[in-house]
Amino acid sequence: MKKQLMAVQLLKKKLDGSNFLLFVTIALFVLMYIAGIIIFSDAGFDNFQTFLNMLIDNAGLIIAASGMTIIMITGGIDISIGSVVGLVCMMLAYTMQNMGMSAWMAITLVMLFGIIFGAVQGFLIAYMKLQPFIITLAGMFFCRGLTAMISVNQIAITDNATFLGMASKDIHLLVGSTVNKHGVRMYPFVHPSVIIAIITLVFIWYLCKYTKFGRNLFAVGGNEQSALLMGINVRRTKFTAYVLNGFLAALAGFVFCLNTTSGFVEQARGFEMDAIASAVIGGTMLTGGVGTVVGTFFGVLIKATIETYIRCNGTLSSWWNKIVLSALLCFFIVLQSVFIIIKNKKKN
Amino acid sequence: MRQSLKRSQLLLPVAALILMLVINVIITPSFFNISIKNGVLYGYTIDILNRSCELIILAVGMTLVVASSRGTDISVGAVEAVAAAVCVRLLGSSYDAYAVPVVFAVFMCLFAGAACGAFNGLLVSKFNIQPMIATLILFTAGRGIAQLTSARAINGVMVPGQILYVRMESFKYIGGFIPGCVMPTPVFIAAAFVLITMILLRKTALGMYIETVGINPKAGRLVGINSTLIIFFTYVFCGFASGLAGLISSSRIYSSDANNIGLNMELDAILAVALGGNSLGGGKFNIAGSVIGAITIQALTTGLYAMGVSADQLPVYKAVVVVLIVTLQSDEFKRVWGVYKLRRAAARGAA
Amino acid sequence: MNSDVVLSMKNITITFPGVKALQNVDFTLRKGEIHALMGENGAGKSTLIKVLTGVYTRDSGDILLDGKSINNRSPEEAQQNCISTVFQEVNLCPNLSVAENIFVGHQPKKGIAIDWKKMNDRSAEILSGVGLTHIDVTRALGEYSVAIQQMVAIARAVNFNCKVLILDEPTSSLDDHEVANLFAVMNKLKSQGTGIIFVTHFLEQVYEVCDRITVLRNGELQGEFPIADLPRVKLVSTMLGHEFNELASIRSNRQDDSAESGKETIIRAVGLSHTGTIKPFDINIKKGEVVGLTGLLGSGRSELVRTLYCADKPDSGSLFFKSKKVKASEPIDSMRSGMAYLPEDRKEESIIADLSVRENMIIALQAKTGVFKLLPIAKQNELAEKYIKILNIKTPSPETLIKQLSGGNQQKVIIGRWLITHPDFLILDEPTRGIDVGTKTEIQKLVVQLASEGMTIVFISSEIDEMLRTVNRLCVLRDGKKVGELSNDNLTQQDVMAAIAGGDTNGN
């Protein structure tokens, strides 16, 4: 009897605080996925490959949303991510296709760009103490315009064998295989982009949980003044966060380009809002100090599930994607706020 | 004393505007020329004034939202599209007559904007949700709603996502010229809107209440101010402003284009507010500053077009200019500059 | 250089725009001593601390730590130089766990990763060292009360085992038991050779635990004294700069007009309560009475008056104001009936920082008048000037932003705000907290004067002798419940203490 009581107490404790919100997110994803299997069984929803396709399609978003989570934990925001992704795609396309640069050179170049861009934004936000919304807004404008300056027309990457090889490479998993109607054994597969995304997730998770820098992010986001008085170098912490985020945005762009193998002006428009929505649904708060990439990952999965629903349904137009995602976002936002109200009432 | 404080607040926005005008004159020597062609005023300055009207209206609405809730409303562009879609859909596409009285359509257009504002306001004031997050919802969903509203019967089935047109001439007066009038109509609308707003804010205690709520909402409540209602009001007002701007925009192109009406306007509106010397952290605000900021942005745009920059590439220059201006206006820069001047003076004194 | 001295600050000068915050101030701290830093508001105590810890940069002067010249340009550097600080406001991060807050910046590591288990275990040890047991160190700090948060802040600072420990008003949120814990910790550190700088307003605490006192006034050093050489009266007069017996004269005045039977009952509360903060209480207050509320921290004094004013809507019971039943749901309703409320935390709940003195003053009257009837600017100026004069508020002009005034003057502006509404019933919650002795006196005199003019007042103060000087009656609260009333007939501090503690002399 006592052991059961202790177990219940432990469960209650684990579910306390922000863990509760994470639990809701994960539960929602699981429920939605199961519902999808039931409703769309004939459209192949129950296929393991469907799940893997979600990861393949959203590898870039996973990486970008991880970066966004870090920034939001410090209490900031970065609405330039979508434009950076678009610019990186265009840069890759132009350098490889029009300039004949080798794939690895091009990739190194864009990663460098991401770091420098992140550093510039980080300097203005952390050292000049300008508002993140305004600066990243300007950053968004800047990158969109720059994309158009490079080329107004779409550039498709057709000549670079290395890159195309990376883009179409299927990595087969050794488990979960099925036999299709022709009697051929089909192994489920992912792309290298998914591997990169998973590695990024694990790296960021470790950073947030086990490094001083990661914990400093939470302190700065929780109460900047206190963090300063506790001896944390707030400016350097924020600056580093934006540099890291710039790197991740460029990485997301590279991964995105692996999917699209082209660059054009309107690419990834609204991408940053997907990243923010994923983070918020995953339990990250815009006020800062609270958040986890695990939650963000499930936020991305929920968004992917909605898209898969609509694709399987076939009759609804793609605007419904945005509307359903907004409704879900609304739900989670209100949930977060209700949760805080209850917590405050309990404290008194 | 209050007046001179106000004047120093406007110093930098006015300086920025003058800079833009100077740059324009250098590029286009005939910049300040105004003439009358076809019975209406022509000239670069008129053009800038005309095109900045929607932005002025949005910026005024945004200023109050920022002041009272310390956050921004990023849905204003999408709400413009929604309101425009409602208006055009109601008016119908006939060449002979409006499907409903114009007054009714205009009213519904503004009401739609205000209703969207009320949705945002409810989330922010009653549920205490951060403004950027709360308005993110309409930002994402708004254009979808506008698309669904812009539906036309094709082969007996209502198909959403169309661009609907208003063919009646008198609709174009709103975004164009009223026959016999030399000044574009939007300028009158914007001027009237700004004037009425300023009277409302300064001749009643509303302006002071908004500032109080933005600076210290708890204190505001304890002195008897209904903070929730004030914040809710500013969002409804901002939604109304978006509706008005949407009306003008759709009249200019006599159609509802849910994808393009109000595109990127939220960003410009926030920039106009910041350029106007208003703190994005809420509290004290200055309507005149936001108006000047809006015109400055439009002047910048015109100047860049005159230099041969294309519409797609425009944002690059906007970004650089805005970062420069915001940096120069910032407290940190003023502090660094102050220290630099002190050191220079000390060095000269020691020499 | 005396090897006994661990910290020596000489000729410290710092100027802010228009204000000479510190002028040629010296300060010396010896090893193993507890040194009080005292002075009125605006004297420069906080400024001196902020210069030492790198929050501000001084214009001139030297700081020597253990004989070596140091220049802290940031709190980070101060910490590296082994100076740790506990600030008046809890400067920790509410979203991080208790354990994390203690170890931010120097978390124990296992290889390159943070060792959470070790951190949690060590934190529990450290907290029991300052008398805090039964604290779950893995929970977020924000879930605990302000008093506990402050103790955690103290635990964090103490854990650094620094040469110099600065405590800036650490006891404002602590009850007597916690203060005793703190003093035990301070004495232990003292015996280990740490030099402690103790900034405080509470005279009794200074005499209980300090060895030396440095007094500042208006940014200048008044003197450094061993505690034995400075009896209380002399301390206060050094802080104020003149002889000080006005306090005694207030008391005698009050006793003279305490006979006021037969006056009408202004406030009658029956079973009024607010869930979680104050249990159902009854209170009757007559016109012109001054009623004090006293009790330990957390006993419900502020919560009681907030329920009366409807700052927190009552959950049960009824309130009668001037014999009419009150149906209030928001502060504006109470204001319209004729009530006024000065909150305890002026920074959070009273001061509208970026507005002018004039606007801060007339805002309550404006709210009472209505949003569409703006008070004419001439009337606003007239009212502002009138009360600036009456309350002796030091401000360059009515248009000065309130945030540029000193704490005491800000408080006077807020008092003016409420007086302008001509209330029948005024609630003052800690009106003299964090205020210099001179202004304290003015406020107490004002209370007595207003009562004699017919205003009914409820007065809350942590300093019992302040209340004994001004009230007719004291209500005693304990643990969220009103437990008794004492009428102020030759009441002493002892009597009140006993009533607060309750039970018999064994403390049961």
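Me: How many residues of chain B are in contact with how many residues of chain A?

Reply: In this predicted model, 34 residues of chain B are in contact with 36 residues of chain A. The size of an interface is often given as the accessible area lost when the parts come together.

Me: Which helices of chain B each supply at least two residues of the side that touches chain A?

Reply: They are helix H6 (131-149), helix H12 (265-275), helix H14 (314-329) and helix H15 (331-350) of chain B. The largest share of that side, 10 residues, comes from H6(B). When the side of chain B that touches chain A is sorted by class, it has 21 nonpolar, 10 polar and 3 charged residues.

Me: How many residues does the contact between chain B and chain C take from each chain?

Reply: It takes 21 residues from chain B and 25 residues from chain C. On the chain B side, helix H9 (206-215) and helix H10 (217-222) each supply at least two residues. H9(B) gives the most to this side, with 6 residues. By class, the side of chain B that touches chain C divides into 10 nonpolar, 5 polar and 6 charged residues.

Me: Which residues of the largest nonpolar core touch the most other members?

Reply: In soluble globular proteins, nonpolar side chains tend to be buried together. The largest nonpolar core here has 353 residues, and those touching the most other members are A:Ala64, A:Val85, A:Val88, A:Leu329, B:Ala59 and B:Val82. The largest share of the core, 17 residues, comes from helix H11 (residues 234-260) of chain A. Let us take A:Leu329 as a case. Leaving aside its neighbours within four places in sequence, A:Leu329 is in contact with A:Ala277, A:Val280 and A:Ile281, and also with B:Leu136, B:Ile137 and B:Thr140.

Me: How many helices and strands are there in chain A, and how many in chain B?

Reply: Chain A has 14 helices and 6 strands. Its radius of gyration is 21 Å, close to the 20 Å that the globule rule gives for 348 residues, so chain A is as compact as a globular protein of that length. Along the principal axes, the C-alpha atoms of chain A fill a box of roughly 65 × 60 × 35 Å. Buried residues make up 51% of chain A.

Chain B has 15 helices and 6 strands. Its radius of gyration is 22 Å, close to the 20 Å given by the globule rule for 351 residues, so chain B is as compact as a globular protein of that length. The box filled by the C-alpha atoms of chain B is roughly 85 × 55 × 35 Å along the principal axes. In chain B, 54% of the residues are buried.

Me: What is the order of the strands in the open sheet of chain C?

Reply: The order is E18-E19-E20-E15-E21-E22, with mixed pairing. Strand E18 (339-342) and strand E22 (481-487) of chain C stand at the edges, each with a single partner strand, so one side of each is left without a neighbour in the sheet. From one strand to the next, the twist averages 20°. Within the sheet, strand E15 (residues 290-295) and strand E20 (residues 456-460) of chain C pair in the parallel sense over 4 bridges. C:Gly292 stands opposite C:Phe459 in E20(C).

Me: Which helices of chain C pack on this sheet?

Reply: Among them is helix H10 (residues 301-309) of chain C, which touches E15, E18, strand E19 (425-429), E20, strand E21 (473-478) and E22. The direction of H10(C) makes about 150° with that of E19(C). Helix H16 (residues 437-452) of chain C also packs on the sheet, touching E15 and E20, and its direction makes about 155° with that of E20(C).

Me: Where does B:Asn128 lie, and where does C:Asn161 lie?

Reply: B:Asn128 lies in the loop between helix H5 (102-126) and H6 of chain B. Its phi is near 55°, a positive value in a residue other than glycine. With 16 other C-beta atoms within 10 Å, B:Asn128 is partly exposed. C:Asn161 lies in the loop between helix H5 (146-159) and strand E9 (164-168) of chain C. C:Asn161 has a positive phi of about 50°, although it is not a glycine. C:Asn161 has 12 C-beta neighbours inside 10 Å and counts as exposed.

Technical notes. Residues are numbered from 1 along each chain as its sequence is written. Chains are lettered from A and ligands numbered from 1 in the order in which they are written. This is a predicted model: local features need pLDDT of at least 70, side-chain atom pairs count only at pLDDT 80 or more; totals for chains, interfaces and linings use all residues. Two strands pair if DSSP finds at least two bridges between them. Axes are lines fitted to C-alpha atoms, for helices over the stretch in contact, and angles run from 0 to 180 degrees between N-to-C directions. Two residues are in contact if their C-beta atoms, placed from the backbone, lie within 7 Å. The radius of gyration is taken over C-alpha atoms; the globule rule is 2.2 Å times the number of residues to the power 0.38. A residue is buried if 20 or more other C-beta atoms lie within 10 Å of its own, exposed if 12 or fewer, and partly exposed in between; C-beta atoms are placed from the backbone. A nonpolar core is a set of buried Ala, Val, Leu, Ile, Met, Phe, Trp, Tyr and Cys residues joined through C-beta atoms within 7 Å. Ala, Val, Leu, Ile, Met, Phe, Trp, Tyr, Cys and Pro count as nonpolar, Asp, Glu, Lys and Arg as charged, and the others, Gly among them, as polar.
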